[in-house]
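Colleague: I would like to go through this model with you, one question at a time. Could you start with the term we need for the sheet?

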Amino acid sequence: MGDHLGKELLYLSRADVVAVGLSMAEIITALEKMFTEKGEGRVDMPPKISIRPAHDAFIDAMPAAIPAQKSAGIKWVAGNPENSKRGLPYVTGLVILNDYETGIPIAVMDATWITAQRTGAATALSAKYLAPRESSTVGILGCGVQGRSNLEALSVVFSVKKVYAFDMHADRGEQYSREMGSRLGIEIIPVEDARQAVVSSDMVVTAGPILRMPHATIQRGWLREGAFASLVDFDSYWHPTALREADKFCTDDVPQLRHYRDLGYFQDIPPIHADLGELVTGRKLGRESASERTMACNLGIALDDMATAPLIYERAMGKGIGTWLPL
């Protein structure tokens, strides 16, 4: 930081954040280190503070600190499922990064790309501990930003050979299949039936809008024995009887899940087996048999952002990316 501390902060636009060139593999590694710290109880993160300006819309304040990384800050993030009709992203936000020793703001950066990438990384990290190692087929339900980043992340950890892509808007599924198939070199089949995407896959990702009242499309018996599911959109896609088939239901932060349950979400989930920090540190076992159905409902926690943002900041500094703004 040098002479800038207390005088200027670095502003990184969405284009700047992307230009830094942080890879998905690097983000997955950063999250695994962070969840090790979390599992050892060496982080600080209160539950999200939320306001609800419209039905199924949210604006969240997400503070966290990771002492081992000397990282501290907050993400101010919003999501509105109606934004697609306006030609706007579902999720937008900003990250404020603070100097760990003095608390002085050192950077403000767009959070849209960060949110997408670190969420996908959390799915892949969960799958590392909960999915069959030989998993090669993926069902993607919801072909938006998260459907893309989650598949990209799973492709880093697993040898993915075939993907079944479903979206409630069929044209999005077809576009997704063309785009992601070309980008990742994977066979992607657009399907018109959500059931086909689930029953055909070793790993399933549901990535639609987060809804207080689940539409419960996925029914009991669809998730096959031995499969893993990542519930990026909370329980929005899942019928309660389908959720109860899980032999192990995990999350990234138990207090935060309970907080959301108090707000009206997660009214019919099974008992929680472990959080991701417990899986990474070995305090709780992940997959133990080939037949287990496992689920991870990662809520998207501030620690993910605070593990990723300093890497972007440091690389931006090294590459001379961004704009200095006076404090």
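Modeller: Two strands pair if DSSP finds at least two bridges between them. Keep in mind that this is a predicted model.

Colleague: Over how many bridges do strands S7 and S8 pair?
Modeller: S7 covers residues 137-141 and S8 covers residues 162-166. Their pairing is parallel. At least two bridges are needed for a pair. Here the number is five.

Colleague: Which residue in S8 is the bridge partner of isoleucine 140?
Modeller: S7 runs over residues 137-141 and pairs with S8. The partner in S8 is alanine 165.

Colleague: Which strands stand at the edges of the eight-stranded sheet?
Modeller: The sheet is open, with parallel pairing and the order S9-S8-S7-S10-S11-S14-S12-S13. Each edge strand has a single partner, so one side of each is left without a neighbour in the sheet. The edge strands are S9 (187-190) and S13.

Colleague: What angle does the direction of helix H4 make with that of S7?
Modeller: H4, residues 145-157, packs on the sheet. It touches S7, S8, S9, S10 and S11. Its direction and that of S7 make an angle of about 165°.

Colleague: And at what angle does helix H5 run to S9?
Modeller: H5 spans residues 170-184. It lies across S7, S8 and S9. Its angle to S9 is about 175°.

Colleague: Turn to the rings. How is the pair of phenylalanine 234 and tyrosine 265 classed?
Modeller: A search of the whole structure finds four aromatic pairs. For phenylalanine 234 and tyrosine 265, the ring centres are 5.7 Å apart and the planes stand at 85°. Planes over 60 degrees apart count as edge-to-face. The 85° angle therefore makes this pair edge-to-face.

Colleague: Is phenylalanine 234 buried or exposed?
Modeller: Buried means under 20% relative accessible area. Phenylalanine 234 has 2%.

Colleague: Which residues do ring pairs link into a cluster?
Modeller: Tyrosine 260 and tyrosine 265 form an edge-to-face pair, 5.7 Å centre to centre. Both of these tyrosines are buried. The cluster consists of Phe234, Tyr260, Tyr265 and Phe266.

Definitions and conventions. Residues numbered from 1 in each chain as written. Predicted model: local features only at pLDDT ≥ 70, side-chain atom pairs only at ≥ 80, totals over all residues. Heavy atoms only, no water. Phe/Tyr/Trp six-rings, centres within 6.5 Å; stacked < 30°, edge-to-face > 60°. Buried < 20%, exposed > 50% of the residue type's maximum accessible area, 1.4 Å probe, protein only. Helix = DSSP H or I, 4+ residues; strand = E, 2+ residues; numbered from the N terminus. Contact = heavy atoms within 4.5 Å. Axes fitted to C-alpha atoms, helices over the stretch in contact; angles between N-to-C directions.
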